[in-house]
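Here is a friendly tour of the pockets in this protein.

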Amino acid sequence: MDSSSTTDIAEINKAKSLAGEGARIVFVAGNFNTVHPGHLRLLKFASECGDFLVVGVAGDHVPGALLPAQLRFDGITAISFVDHAFVMTSAPEDIIRALKPSIVVKGDEHESKFNPEQAAVDEYGGKLMFSSGEMRFSSIDLLKRDILEPNLSSIVLPNDYPERHAFTMHDLRSTVEKFKGLRVAVLGDLIVDEYVSCEALGMSQEDPTLVVTPIMQERFIGGAGIVASHACKLGAQVNYFSVAGKDAAADFAREKLSEYHVTATLFEDDSRPTTLKQRFRAAGKTLLRVSHLRQHDIEPRLAQRYAEAVIATLDNCDLVIFSDFNYGCLPQAVVDQLVEACVERGIPFVADSQSSSQMGDVSRFRGAMLLTPTEREARLAVRDYSSGLVVLAEKLRQRSQSENIILTLGAEGILAHAQSEGELDWLTDRLPAFNSSPKDTAGAGDSFLTCTSMAMTVGVDIWQSMYLGSIAAACQVSRVGNIPLSASDLMQELADQH
């Protein structure tokens, strides 16, 4: 390179530094006038050929460069699997000689032509490859957008309910502001959710089996861990207590909980792996769920250590949330001990006990301020499979001695059974589901429980609290995967309802 290539030398040195010693660098160069699916396929293929993808964008002086270099550079840097990019002031072969990438990738339309890059890679033992990638790779960024960008346009809030219970959007915003500084303890099973996005290849010719190929994997905190994360992002100071194995899933969970500023106490249990749930998805639908777990109760000595650690924090706690998935983290003896400790200190507690693919009894959290079971979970708890919803809710209230029952009914919304202030009779009201086109319903219950219980703890009645909780659930299901809901998410949605 000549003296005019100082910029290239700086960028090459930066790329080597970012890649790290021993990393296999892959290099791609081009004009990239308008980034299209063909570019995405090529660059995705290149990224999977090594450890660090460097892209050189041709400068304005190169034939065929139709747009300003900065605009073309911006288009390349927006692609998630490009690790480093820069505008070239030298010929690609000169940059290759200085960068010495392990692999240089060009589109297969260049394979039958003269390629000056070949001589450059031959000098140091690199490799020149030709490929236009695979058709499925162009959907990677669309999948990431599906996860990261919520679709809030499908959220519709009913107007009659706020009028019926005498509150406004301003009241809801004031409630969210009170979340800041609330002290919350979250107790329950730690789960790591893994979403495997797939491309459907077709039907097997040997047997009637759907054949897919994985495109992208994303992991999220789940179970009680996402409840703790929701509470923290909504403004609370959160202590989270759970049990985990000694494995990579536990390491991931600790890292994410720390990122979300959750104070987590995870007791290691050699007898179980950290619960990992895999969801294989294609075309926006879940094809299969695979759960890696153990469901036995934690052993008594560990259970006692768990209970003592929780009790030690209760004097500085405003709310306790039991998020029970019935995988053994909360044996009945532990629940009874902790409920008693909450009652002695006058700390409200709420509970959800999931029984989707396992058996549980939500009524075992006796005296809760709020229980939020599904209809099936309520029927399992009271052994009633025929009564109407109001009778069912009342039976569960009596059995559990809880103050409020909210039945979550999926696409049919929710039904609350509660005693209004100053009233002797128990009242029932319902809300429809606020999001008519959910992307992923898996996190609805967790966000609803967290937001509703926090609203009740800061002094809001059950009717306003469940409305705010329903907004939280509608926001949560507007995206794929468990990403903690923030106070700003709620505020934005409430602001849009003027």
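## Lining of the largest pocket

Let's begin with α15, which contributes 4 residues to the lining of the largest pocket, the most of any element. Please keep in mind that the model is predicted.

The largest pocket has a volume of about 1,100 Å³. Its lining is made up of 43 residues, and those closest to the centre are G410, T441, A442, A444 and G445. The elements that provide two or more lining residues are the strands β7 (190–203), β8 (210–223), β11 (275–282) and β12 (285–292), together with the helices α13 (375–382), α15 (444–457) and α16 (462–476).

## Residue classes in the largest pocket

What does this lining look like by class? The largest pocket is lined by 17 polar, 16 nonpolar and 10 charged residues.

## The second largest pocket

Now on to the second largest pocket, which holds about 560 Å³ of space. Here 29 residues form the lining, and A29, G30, N31, K106 and H110 lie nearest the centre.

Which element gives the most to the lining of the second largest pocket? That is β1, with 4 residues. At least two lining residues come from each of β1 (25–30), α2 (37–47), α4 (92–99) and β4 (103–106). Sorted by class, the lining of the second largest pocket has 14 nonpolar, 11 polar and 4 charged residues.

Terms used. Residues numbered from 1 in each chain as written. Predicted model: local features only at pLDDT ≥ 70, side-chain atom pairs only at ≥ 80, totals over all residues. Heavy atoms only, no water. 1 Å grid on protein atoms, 1.4 Å probe; cavity = no way out; pocket = protein on both sides within 12 Å on 5 of 7 lines; lining within 4 Å. Points joined across faces, edges and corners; volume = space filled by probe spheres on them. Nonpolar A, V, L, I, M, F, W, Y, C, P; charged D, E, K, R; others polar.
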